[in-house]
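Hi,

Here is the structure I said I would pass on.

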Amino acid sequence: GGIASKAKAFDADLHQREEHALGPPSKTMDASEYAQDLVYLVSRTVESHLNLLPVPGKRRTLEAKQMIIRVLKNRGGGENDGKMYYIKCKTEVAEWPWIFVKLYEPALVTNLARVEFRAMKKMKEEYKLVTF
């Protein structure tokens with residue numbers, strides 16, 4: 001259990017540092033095509049969190065509906081700043097028809113999409129999107 005608890009402590013520490021570095025949340029807005037692309041990039045991870053077995057050659061529909069963005073503070077103010085995305089998606093899973101996905105996009109050094117899955121919440125019914 002020692003390693004697991006260290007990992008948990010690291011996660012909590014990372015969460016604290018990120019929370020401290022992130023600016024205030026944007027207004028909730030309709031999800032952009034870009035947000036949909038980000039969700040697509042982590043769809044395999046999302047599927048595993050929903051306990052779905054991957055289907056070869058097929059991705060399940062995760063429809064990005066709304067999003068909130070928080071930008072890393074003190075990193076300039078340009079388009080290339082690191083951002084945390086909170087994206088509300090409709091799924092095709094009967095048990096969990098709604099999810100919130102938290103994704104971190106590091107400051108763009110290259111145009112390589114390096115989005116990182118951070119966390120997810122699963123819901124049996126639709127709720128208002130919040131940051132977490």
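**Charges over rings**

The charged end of Lys88 sits over the ring of Trp98, 5.3 Å from the ring centre. For "over a ring" I take NZ of Lys or CZ of Arg within 6 Å of the ring centre and within 35 degrees of the ring normal. Lys124 does likewise with Trp96: its charged end is over that ring, 4.0 Å from the centre.

Some housekeeping before the rest. This is a predicted model, where local features need pLDDT of at least 70 and side-chain atom pairs count only at pLDDT 80 or more, while totals for chains, interfaces and linings use all residues. Residues are numbered from 1 along each chain as its sequence is written, and side-chain values use heavy atoms, with hydrogens and water left out.

**Layout and sheet**

You will find 3 helices and 5 strands in the chain (DSSP runs numbered from the N terminus, with helices being H or I of at least four residues and strands being E of at least two). Read from the N terminus, the order is α-β-α-α-β-β-β-β.

The 5 strands make an open sheet, ordered E1-E2-E3-E4-E5, with antiparallel pairing (two strands pair if DSSP finds at least two bridges between them). E1 and E5 are the edge strands, each pairing on one side only.

At the E1 end, strand E1 (residues 29-30) is joined to strand E2 (residues 62-71) by 2 bridges, and the two run antiparallel. Met29 faces Met67 in E2, and Asp30 has Gln66 of E2 as its bridge partner. E2 then pairs with E3 over 9 bridges, again antiparallel; there, Val71 stands opposite Lys83 in E3.

Glu63 is also in strand E2. Glu63 counts as partly exposed, at 35% relative accessibility (buried is under 20% relative accessible area, exposed over 50%, partly exposed in between, using a 1.4 Å probe and protein chains only). Across the chain of 132 residues, 37% are buried.

**Aromatic pairs**

There are 2 aromatic pairs in the structure. Rings of Phe, Tyr and Trp (its six-membered ring) pair if their centres lie within 6.5 Å; planes under 30 degrees apart are stacked, over 60 edge-to-face and the rest tilted. One of the pairs is Tyr86 with Phe132: the ring centres are 5.7 Å apart and the planes at 70°, so this one is edge-to-face. Since Tyr86 is in strand E3 (residues 83-91) and Phe132 in the segment after E5, the pair ties together parts 46 residues apart in sequence. Tyr86 is buried, at 0% relative accessible area, and Phe132 counts as buried too, at 16%.

**The largest pocket**

The largest pocket has a volume of about 190 Å³. Its lining has 10 residues, and those closest to the centre are Asp11, Leu14, His15, Glu18 and Arg118. Helix H1 (2-21) and strand E5 (116-123) are the elements that give two or more residues to the lining, with H1 giving the most, at 6 residues.

A pocket here is an open set of points on a 1 Å grid over the protein atoms alone, where a 1.4 Å probe fits, with protein on both sides within 12 Å along at least five of seven lines; lining residues have an atom within 4 Å of a point. The volume is the space filled by probe spheres set on the points, which are joined across faces, edges and corners.

Best wishes
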